[in-house]
Amino acid sequence: MEEKVDLGLRRFIKQLGYAAGGTAFLAGMAPWLTSCTPEKIEELGREKARLALIGTGGRGQYHIHNLRAIPHAELVALCDIYPKNLSDAHALCPSARTCSDYREVLDAKDIDGVIIATPLGSHARITLDALASGKHVFCEKAMALHMEECKAVYDAYKAQDKALYYCMQRMYDPKYIKAMKMIHDGAIGELVGMRCHWFRNADWRREVPSPELERLINWRLYKENSGGLMTELGCHQLEVCNWALGLTPVEISGMGDIVYWKDGREVYDSVAVNYRYSSGVKIVYESLISNKFNGMEEQILGKDGTMDLARGVYYLEEDNLLSGMRRLYDQVKDGIFASIPTAGPSWRPEVKGQYVPHPVIEGPTSINSGESMVSSDNDGSLDILSAFCQSCITGEKAENVVEEAYSSTLLCLLGNQACEEGRTLAFPDEYKIPYMKF
Ligand SMILES: NC(=O)c1ccc[n+]([C@@H]2O[C@H](COP(=O)([O-])OP(=O)(O)OC[C@H]3O[C@@H](n4cnc5c(N)ncnc54)[C@H](O)[C@@H]3O)[C@@H](O)[C@H]2O)c1
């Protein structure tokens, strides 16, 4: 029988074996998943979330693709100020009406919720207007371009009863959920460090049909609309670190430069930012877009092992204990040592050993190569969108999604500020919210 509701994530949660008998484990480590209760839709007897998409570019069109796979979603309207993207999106969804002013969809009575996939500079304004007009909102990350806007959106969200989601898809990706459960259960021991990076080798530019469209189409490169690598890429990865540790960093320092793509852009093409938690655990974060050797990784380092979240595998320190003699033998044979220390405190070579990867989830796992500017299938994007569509019908808020997006966006913006000012920043008191633990 054809399903009226998307049950994919629900099934996964049940497979984990934790849903039976309550959602206590979710409430502790991923409370936003407690709103994934499709049964409520059946109970209410209302089948479809009626939606408008504001911003029909690359990511917006990817959301159209995902909405087609969500049985309880109906895309009613499309809105964009750039006619070409609007007509491309309309071709994907001819039944939707179109407009160029987002206020039109906010005023429409036949729309329950809006999906905002515009450049970062407009996220806060459209979100505030949409909440004020009584719509449920699903907005792309990051939350906003400025810290005061983040706070204004957070306050507005808290003061009303509509659902607000940010597309932090890792929070709904089964391999991340399972890995976090393992981390919280102690599988890799006490957490001692975090290493995240995102490397690409591409200029981030899009072709522009005529010069006056440069800032509209290449918005990612200009500060009026973009926080560059930190808000575009780092945002997802910093959220994952906070999720693992359950804390927000207290100090931020960093360096940012335009190293290679000196083409008139304003945002850095290379950043190295450090975040320090109160315990001394640090996130070492790096991103650049002129070499992709290291790809995209999120490593949570524990005393007993390492969780490699993006790949969906973990490594145990004990797997590497017995290999010292073997490594010494191999390295002497391969001529890596010029001499063999026989009386030093340790003869172990300071090079990375071979660890055995253990899968977080048995069976096929989708791995995001990190190269696409728009999407990667099966990365949680469909699941979080589906959860939003459920919220449009049931009115349920997804607990802590806004708080997680707020925290990671603040860290991105503080990272940029630390780079610009060349000094170590303390997390500012005026932007602390009750959810944050330091
Ligand atoms: N979650 C993710 O992994 C992910 C991936 C890619 C992009 N994104 C985010 O999605 C958003 C859009 O990125 P993109 O790559 O699709 O950009 P894009 O330039 O391809 O699309 C943005 C669209 O918004 C339109 N627009 C701009 N101002 C508007 C307004 N006031 N009203 C209506 N439409 C307006 C533009 O004309 C354009 O068509 C960004 O916030 C980006 O960070 C998120």
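1. The shell around the ligand receives its greatest contribution from H4, which gives 3 residues; helices here are DSSP runs (H or I) of at least four residues, and strands are E runs of at least two, both numbered from the N terminus. In total 27 residues surround the ligand, and the closest are Gly55, Gly57, Arg59, Tyr82 and Glu140, where a residue is near a molecule if its C-beta atom, placed from the backbone, lies within 6 Å of it.

2. Please keep in mind that this is a predicted model, in which local features need pLDDT of at least 70 and side-chain atom pairs count only at pLDDT 80 or more, while totals for chains, interfaces and linings use all residues. Residues are numbered from 1 along each chain as its sequence is written.

3. By class, the ligand shell holds 13 nonpolar, 9 polar and 5 charged residues; Ala, Val, Leu, Ile, Met, Phe, Trp, Tyr, Cys and Pro count as nonpolar, Asp, Glu, Lys and Arg as charged, and the others, Gly among them, as polar. Because domain 1 (8-171 + 378-406) and domain 2 (187-375 + 410-431) both give residues to this shell, it lies between them, with domain bounds that come from an automatic or database domain assignment.

4. The largest nonpolar core has 120 residues, of which Leu51, Leu53, Ile54, Val114 and Tyr165 touch the most other members. Such a core is a set of buried Ala, Val, Leu, Ile, Met, Phe, Trp, Tyr and Cys residues joined through C-beta atoms within 7 Å, and buried means that 20 or more other C-beta atoms lie within 10 Å of the residue's own, with C-beta atoms placed from the backbone. Helix H14 (residues 401-421) gives the most to this core, with 11 residues.

5. H14 is itself mostly covered, since 17 of its 21 residues are buried. Its end C-alpha atoms are 30 Å apart, which agrees with the 30 Å that its 21 residues should span at 1.5 Å a residue, the expected span being 1.5 Å times one less than the number of residues. Just after H14, Gly422 takes a positive phi of about 65°.

6. Helix H13 (residues 381-394) is largely enclosed by the rest of the structure, because 13 of its 14 residues are buried.

7. His72 sits in the loop between helix H4 (58-67) and strand S2 (73-79), and it counts as buried because it has 20 C-beta neighbours inside 10 Å.

How values were computed
Buried ≥ 20, exposed ≤ 12 C-beta atoms within 10 Å, placed from the backbone.
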